[in-house]
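Good morning, and thank you for coming.

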Amino acid sequence: MTEETSLQSPSPPRVFVSSVVEGFRAYREAAREAIGELGAQSILVNEDFPSLATSPRNACLDAVDSSDIFVLIVGERGGWVAPSGRLVVEEEYDQAQVQKLPVVVFVKEGERDEDAGRLTAKVSEFVDGSLRRTFGSPETLAHEVRRALRPLVEALRLPVTSPASLNAALLEPVQRGGDPILRVVIVPQRDEELVDPVKVNVDELARTVYELAHDRDVELLDYTVGKNHRMKGGVLDIEQGASGRREGPYVRLRLSERGHLTCDVEFGGGSRRAALDQFLDPIVVSKDDIERAGYAILAFYARFVQRFDPYLRHQSFLWNASIHNIGHRSIVDDARPSASYTVNIWGSDDPIVAYDTARTIGRHDLEEPTEEVARLTVYLKRRTEDR
């Protein structure tokens, strides 16, 4: 494998499938299979998200919001009526209209009950005939889904983050001098809003980020260390240990509503979690310290994405890292006071970037980043040796 993973294709278009569920499973599965054949991702809330910690109605409407195309399949029955007095599938259709999603309607041939008939008449008023098809069997439904959605899927050009956009953030000067700082920059590959500012206000976003960053399985932030935060231009900026006192590790976390994270973690000198003799501070950096810092940042980001993107709209992310303030230090596997080390006389305070091109990381690896962090450390160590 080369130094950088080849960039994957952007996340496929997401197609929400709305229909009654009871007695309609064969048709829903036929639609799912056809959508997959087009290279798109089907969203069937009952099948895909059975255990979400939210009400079924909110789950469905939120999933509509997270989709790119809306498919409504009308059968013989209108189905359940929501507390609003509208059919459940009608609420979903109305939400797709609010979000201005492309809407494609498939109507089953034959008799329909009163609710299904009313819904068919309603959607027929708003959906062009070329985007309203009829079907009789699961097989014909699959055929019509492929035929109707192919041009929509092919025409949908999803915004993609350029890997080059990470470079500037990696090289910006750090706000803290002295001890080494690991900076990680990670962004969704889909370049679009991840946190909806209409649904999540500034205070709620800050509270959630504090909660996730302090989690015992993350420990990016430390409860015992002072910190402050501010929000400007859609970017939440949190600083821990900014007073300059050696009360604990310095951390700066900048997180935008688009899900762009730049995070600095200091791991040298008195703030270092691994206990090193002070004599070694200007000479070496422990590999374990880098890995701990990198793991904490990625573990935090994984939980942030889980919280604000529960319907898996964002599947892949770009990331890279740099080390600042490393000076003449070398990265070593096992930093012990009793060992002897060679000082890197060519050292400087210029940042060292791990990868020439940002790596792509999926949600699964983001949630368990041990291997990615180990790889990062290997390349940072190689870069310092090549100075």
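Helices (H or I, at least four residues) and strands (E, at least two) are here DSSP runs, numbered from the N terminus. This is a predicted model, in which local features need pLDDT of at least 70, side-chain atom pairs count only at pLDDT 80 or more, and totals for chains, interfaces and linings use all residues. Residues are numbered from 1 along each chain as its sequence is written, and side-chain values use heavy atoms, with hydrogens and water left out.

Let me start with helix H8, residues 202-214. Its 13 residues reach 18 Å from first C-alpha to last, close to the 18 Å expected at 1.5 Å a residue; that expected span is 1.5 Å times one less than the number of residues. At the start of H8, a side-chain oxygen of Asn201 comes to within 3.2 Å of the backbone nitrogen of Asp203.

Which residues of H8 are buried? They are Leu205, Ala206, Thr208, Val209, Tyr210, Leu212, Ala213 and His214. Buried means under 20% relative accessible area, exposed over 50%, and partly exposed in between (1.4 Å probe, protein chains only). These buried residues pack against strands E7 (227-232), E8 (235-240) and E9 (251-256), and against helix H9 (287-308), where contact means heavy atoms within 4.5 Å.

I turn now to the two loop residues. Leu312, in the loop between H9 and strand E12 (316-324), has a positive phi of about 60° although it is not a glycine. Asn325, in the loop between E12 and strand E13 (330-332), likewise has a positive phi, near 60°.

Are these residues buried or exposed? Leu312 counts as partly exposed because its relative accessibility is 29%. Asn325 counts as buried because its relative accessibility is 10%.

Terms used. Polar contact = N/O pair within 3.5 Å; in protein donor to acceptor, adjacent residues only side chain to side chain.
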